[in-house]
Amino acid sequence: MIQDIAPHKLDNSYARQQAEKEHMAFTFKDGKILLHKDKEGNLTLPVLGQLPGSFETYEEKALYAFSVDQEPMFLILPHDLEEGQTDLEYHDLRDLYGVSPVWAALAGVTASHLNHWYLEHLFCGCCGSPAKLGKWERAMVCPQCKNIQYPRISPVIMAAVTDGDRLLVTRYAGRPYKGLALIAGFVEIGESLEGALRREVMEEVGLEVENLQYFGSQPWGFSDSVISGFFADLSGSSQVRLDREELSEAVWLHRDEIPKQNNGISITAAMIEAFRTGKF
Ligand SMILES: [Zn+2]
């Protein structure tokens, strides 16, 4: 999964560090990330010194994001870079899959989550005053009313619904991702993870489930969320009633009919592969 970068380690503890030219830089525009393309066409995360214009332009604006293997990385706010160089281009976040090193996808997507949060919290949500960066912790603090806003992480559940040797797989309606998916949704206020899972399965495919078994979790900065994955046994009828607003398809596949999943990034693929290979 995206977080499996061992022996490397992403250290998300908060610090206020000074940016240097050789430090890696994350900058985003319209949900896309700026990447550097070398002469062979390989994509990499750029360093501050590679950004167009003078380094001094960025030095003040660079926000320390986190470190990977003690290498500090910075976020540039706001998005006011000109695309002045042909070796720098904005790319879809999914283009980070396969970018070297192995932690590039986790770092880039986590930086995107942070970027989104900072941009939404430049002003206090209580009194509307301009907020300031926290001194000691990752937070936006209001100098007027002292309101503190912390990074928002939304819980999501994912359900692999099984009926013996069959797994219910879905495809999303109206989204770029066309591969196999599982039922997923945000946890609503006042709900447990289990309650959210039962509700989502009922809403999306009209099925009842029992015997929930925890599989694992995954940070998913694409949707500012953390996903908790569960296997769940079908209880009652296997007749699917599809929510066509959310899904374009939901079908039962036997273990033998499931194609090998090898993207190595998503918990969806990890869960489908675990079922295909008989681990669940
Ligand atoms: Zn305030």
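Student: Is R199 buried or exposed?
Tutor: This is a predicted model, where local features need pLDDT of at least 70, side-chain atom pairs count only at pLDDT 80 or more, and totals for chains, interfaces and linings use all residues. Residues are numbered from 1 along each chain as its sequence is written, and side-chain values use heavy atoms, leaving out hydrogens and water. R199 has 19% relative accessibility, so it counts as buried.

Student: Which residue does R199 meet in a salt bridge?
Tutor: A salt bridge here is a side-chain nitrogen of Lys or Arg within 4 Å of a carboxyl oxygen of Asp or Glu. For R199, the N to O distance is 3.3 Å, and the partner is E203.

Student: Which helix holds both R199 and E203?
Tutor: Helices are DSSP runs of H or I with at least four residues, strands are runs of E with at least two, and both are numbered from the N terminus. An α-helix has 3.6 residues a turn, so residues three or four places apart point the same way. R199 and E203 sit four residues apart, about one turn, in residues 193-205, which make up helix α3.

Student: What distance separates the end C-alpha atoms of α3?
Tutor: The expected span is 1.5 Å times one less than the number of residues. With 13 residues, α3 should span 18 Å, and the model agrees, because its end C-alpha atoms are apart by 18 Å.

Student: How many residues apart are D224 and R152?
Tutor: Their side chains meet in a salt bridge at 3.6 Å, N to O. D224 is in the loop between β15 and β16, and R152 is in the loop between β11 and β12. The pair links distant parts of the chain, with a separation in residues of 72.

Student: How many salt bridges are there in the whole structure?
Tutor: One more example is R276 with E273, whose closest N and O atoms are 2.8 Å apart. Searching the whole structure gives a total of 11.

Definitions and conventions:
Buried means under 20% relative accessible area, exposed over 50%, partly exposed in between (1.4 Å probe, protein chains only).
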